[in-house]
Amino acid sequence: MTVKVVLLEDEELVRSGIRMILESAGDVEVVAEDTDGTRAVELTDRHRPDVVLTDVQMPKVGGLEVVKRLAGHPAAPAVVVLTTFDVDEYVHTALRHGAAGFLLKDTPPRELVNAVRVAARGEAMLSPKITKRLLAEFAAGGGSARAQAKLSVLTPREHDVAVHIGRGLSNAEIARALAVSESTVKVHIGHIMAKVEAANRTQVAILVHDAGLS
């Protein structure tokens, strides 16, 4: 199945390069592109993309605002934020508002394509450098009582699934680890997201990390 992508990037050379990388994969199609996020909702309504890949800093409407605007969209695509700037504030804001991934522009082409595929499946992708730092921050914090309280409403099986999400496992890997079907894992993840009021599995992972459980 072809993954449909809306690409938002203000630099024409960078945008062209990203489009070439994505479309060379064979199973990814850039269905629309723009120089900022002003028309993000409009393009989503028109093209129904699986993924919106957006730069964080653009004129008029930047990537963080794109994440916020699309979070409540009835057919919300996964949003992956791509940036040159490894800034904690950007990462935290993007993930807290529902971004499915946050990648640096020095991400190798193969990983960029994989991130788009992963996001289209409803999973999450972060640059390894960012993931390492986030985990260090949460570990230093010693766990959040609020996060632990939110996770306390989960059943034991849902709790196990949530912990595996926090460890970065895919649905297939969680299914193997728990000896259940992948469809069962998807059902559990749906219940988890509803109970902890998470927009996507990235927010579940953050909650697990914040609770000191991964």
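Modeller: A residue is called buried under 20% relative accessible area, exposed over 50% and partly exposed in between (1.4 Å probe, protein chains only). By that rule D55 is buried, because its relative accessibility is 6%. This is a predicted model, in which local features need pLDDT of at least 70 and side-chain atom pairs pLDDT 80 or more, while totals for chains, interfaces and linings use all residues. Numbering starts from 1 along each chain as its sequence is written, and side-chain values use heavy atoms, without hydrogens and water.

Why pick D55? An unreviewed UniProt entry annotates D55 as "modified residue: 4-aspartylphosphate". Such annotations may be inferred rather than shown by experiment; positions follow the numbering used here and feature names are shortened.

Now its place. D55 lies in strand 3, which covers residues 51-55. Strands (E, at least two residues) and helices (H or I, at least four) are DSSP runs, numbered from the N terminus. Next, its surroundings. Leave aside residues up to four places away in sequence, and D55 touches L8, E9 and D10, then G62 and G63, then L82 and T83, and also K105. A contact here means heavy atoms within 4.5 Å.

Follow the chain onward from strand 3. The loop between strand 3 and helix 3 (63-71) holds K60. K60 is not a glycine, yet its phi is positive, at about 70°. K60 is exposed, because its relative accessible area is 77%. D55, in contrast, is buried at 6%.

A179 also has a positive phi, about 60°, and is not a glycine. A179 sits in the loop between helix 9 (171-178) and helix 10 (182-196). With 71% relative accessibility, A179 counts as exposed.

Now look at H47. It belongs to helix 2, residues 40-47. H47 is partly exposed, at 23% relative accessible area. Beyond residues up to four places away, H47 touches K4, V31 and A32. V31 is 16 residues from H47 along the chain, but their C-alpha atoms are 6.8 Å apart.

Turn to Q203, which is in helix 11 (residues 201-210). Q203 is buried, with 14% relative accessible area. Outside four places in sequence, the contacts of Q203 are L95, R96, H97 and G98, together with E197 and A198.

Two helices deserve a look as a pair. Helix 1 (residues 12-23) packs with helix 5 (residues 109-120) at an angle of about 70°, and their axes are 9 Å apart. That angle makes the two helices roughly perpendicular. The contact uses I18, I21 and L22 from helix 1. Helix 5 supplies P109, L112, V113 and V116. By class, this contact has 7 nonpolar residues, no polar and no charged ones.

A word on those terms. Axes are lines fitted to C-alpha atoms, for helices over the stretch in contact, with angles from 0 to 180 degrees between N-to-C directions. Under 35 degrees is roughly parallel, over 145 roughly antiparallel, 65 to 115 roughly perpendicular and the rest oblique. Nonpolar covers Ala, Val, Leu, Ile, Met, Phe, Trp, Tyr, Cys and Pro; charged covers Asp, Glu, Lys and Arg; the others, Gly among them, are polar.

Last, the whole chain. It has 11 helices and 6 strands. Of its 214 residues, 46% count as buried. Among contacts with a separation of 6 or more, 67% join residues 24 or more positions apart.
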